[in-house]
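Subject: Structure handover

Hello,

Here is the structure for you to look over. My notes on side-chain contacts follow below it.

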Amino acid sequence: ATDLGVLYNHGRLAPNDVLCLTQIENFAELSIDDHRLSIGGGATWTEIEPLVEKLFPPYHEIVTRFGSPQIRNSGTLAGNLATGSPIADSIPFHLVMESDLHLVSVRGDRVVSLNDFYSGYRENVADEDELIAKIETPRLAANERLALYKVSKRRDMDISTLTFALRVRIDGDSVDRAWLAIGGAGPIVSRITPAEEYLAGSVLSLETFRRAGEIARDHISPWSDVRGSKNYRQLLAENLLLKAYHEFAGELSAVN
């Protein structure tokens, strides 16, 4: 209720019905197999944190900065995704990993890719009676690398100025495929397709990532507010591509 609870307390939201989901059997199940990570709709951030520490270290870093311990003890990934804030900390990672949402209702269940879930500012394609039962996320392949960044005025317990996720699949000295998502730069967290297309097939080099950063900068249309100006957010998007390159290059050097 970090979003809806605030609206309710300020008299801007008066729901007729409120569902408590904490006692639903198996609703908070967590599991990992050789192919994917499955997170139940009722699983809290505190429960998720140890599960992703070795599986997705950059995601674990984001999770440990998610709100306060009290928030992580009660808040859920499903809630963060359903709220759909353009600065929600979990969305960029799950977009570039192409996670699937399992939606359930009395009519049955269906699977929707997170990349097809959002239809506008805090709007999504779920019907009014559908709940997110679980989120399934594929594991990284051996030749894939992941970079996640949360930029905020304070390190902990602060709203993001910009969020960033980049996943790359590497083939020798080249980028075989890339997935890039940026939040805080528009009404929804978005995949930056032109930068992805430029990176795919390009040499893994600082110049390649510099050009991809310029493409990302020119593709986003952020706003200016108390956390940062439009130009600052655009510069962040550009520079974070360079930061990701240096991380990837360092990891590859360590392996080789």
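**Salt bridges**

Searching the whole structure turns up 18 salt bridges. The term covers a side-chain nitrogen of Lys or Arg within 4 Å of a carboxyl oxygen of Asp or Glu. Before the details, two notes on the basis. This is a predicted model, where local features need pLDDT of at least 70, side-chain atom pairs count only at pLDDT 80 or more, and totals for chains, interfaces and linings use all residues. Residues are numbered from 1 along each chain as its sequence is written, and side-chain values use heavy atoms, with hydrogens and water left out.

Start with E98. R177 forms a salt bridge with E98, and their closest N and O atoms are 3.6 Å apart. R177 is in strand β10 (residues 174–183) and E98 in the loop between α6 and β3 (100–105), so this bridge ties together parts 79 residues apart in sequence. Helices (H or I, at least four residues) and strands (E, at least two) are DSSP runs, numbered from the N terminus.

E98 also bridges to R191, with the closest N and O atoms 3.7 Å apart. That pair links distant parts of the chain: E98 sits in the loop between α6 and β3, R191 in strand β11 (residues 190–191), 93 residues apart. E98, R177, R191 and E196 are linked in a network of salt bridges.

How accessible is E98? E98 is partly exposed, at 32% relative accessible area. R177 is partly exposed too, at 35%. For reference, buried means under 20% relative accessible area, exposed over 50%, and partly exposed in between (1.4 Å probe, protein chains only).

Elsewhere, D218 pairs with R217, the closest N and O atoms being 3.0 Å apart. D218 is exposed at 54%. R217 counts as partly exposed at 26%.

**Aromatic rings**

The whole-structure search gives 7 aromatic pairs. Rings of Phe, Tyr and Trp (its six-membered ring) pair if their centres lie within 6.5 Å; planes under 30 degrees apart count as stacked, over 60 as edge-to-face, the rest as tilted. Y59 and F93 are stacked, 4.0 Å centre to centre with 15° between the planes. Y59 lies in helix α3 (residues 57–64) and F93 in helix α6 (residues 91–96), so the pair ties together parts 34 residues apart in sequence. Both Y59 and F93 are buried. With F56, they form one aromatic cluster.

**Charge over a ring**

R167 lies over the face of W179, 3.8 Å from the ring centre. The test is NZ of Lys or CZ of Arg within 6 Å of the ring centre and within 35 degrees of the ring normal.

Best wishes
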